[in-house]
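Here is a short report on one protein model. It moves from overall form to single residues.

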Amino acid sequence: MLRNKINRCYTRNVVKVCALTGVAARLIGGSAIHSLLKLPVQKDGRSAGISLLTGNYLRIMRQQWKEIEFIILVMVSYQMLCMVDSRLRQLKNTENEFFGGINVLGMTNI
């Protein structure tokens, strides 16, 4: 409902919604955060470091995120929030703005 109201105000799709797990993402009509932002998946209780996107892949992702102004995050830890910040700075090509200048609406359980 929140995504729809924001998109109506902007008269275009400016919101992405994601959650930590695929099940949670499906329940909220969003995407899994790992697939949405191409983040590493935690294995054996350890999270791999985030690598930078490059080349054509980076160009395509930047195009997909060009109009996005809001991201709604559900069930994210502090560590994941830091990776989201890093990826959005890269996608929006802004090193000096938190989350690449995108407004973050989030709920965390950790």
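## Overall form

The radius of gyration is taken over C-alpha atoms, and the globule rule is 2.2 Å times the number of residues to the power 0.38. For 110 residues a compact globule would have a radius of gyration near 13 Å; the protein has 14 Å, which agrees. Along the principal axes, the C-alpha trace spans about 40 × 30 × 25 Å.

This is a predicted model: local features need pLDDT of at least 70, side-chain atom pairs count only at pLDDT 80 or more, and totals for chains, interfaces and linings use all residues. Residues are numbered from 1 along each chain as its sequence is written, and side-chain values use heavy atoms, with hydrogens and water left out.

## Secondary structure and contacts

The protein has five helices and four strands. Their pattern along the sequence is α-β-α-β-α-α-β-α-β. Helices (H or I, at least four residues) and strands (E, at least two) are DSSP runs, numbered from the N terminus.

Contact means heavy atoms within 4.5 Å. Of the contacts with a separation of 6 or more, 63% join residues 24 or more positions apart.

## Surface and burial

The accessible surface comes to about 7,000 Å². Carbon and sulfur atoms hold 55% of that surface. Areas come from the Shrake-Rupley method with a 1.4 Å probe; for residues, only the protein chains shown count as cover.

Buried means under 20% relative accessible area, exposed over 50%, and partly exposed in between (1.4 Å probe, protein chains only). Of the 110 residues, 36% count as buried.

## Helix H4

Helix H4 covers residues 55-65, and its buried residues are Leu58, Met61 and Trp65. Seen down the axis of H4, these fall within an arc of 65°, so they line one face of the helix. The arc is that of the directions from the helix axis to the C-beta atoms.

The cover over the buried residues of H4 includes strand S1 (15-19), H3, strand S3 (70-74) and helix H5 (78-91). On the face of H4 turned away from the buried side sit the exposed residues Arg59 and Gln63.

His34 lies in helix H3 (residues 33-37). His34 is buried, because its relative accessible area is 16%. Leaving aside neighbours within four places in sequence, His34 contacts Leu20, Leu39, Pro40, Val41 and Met80.

Ile28 belongs to helix H2 (residues 22-28). With a relative accessible area of 32%, Ile28 is partly exposed.
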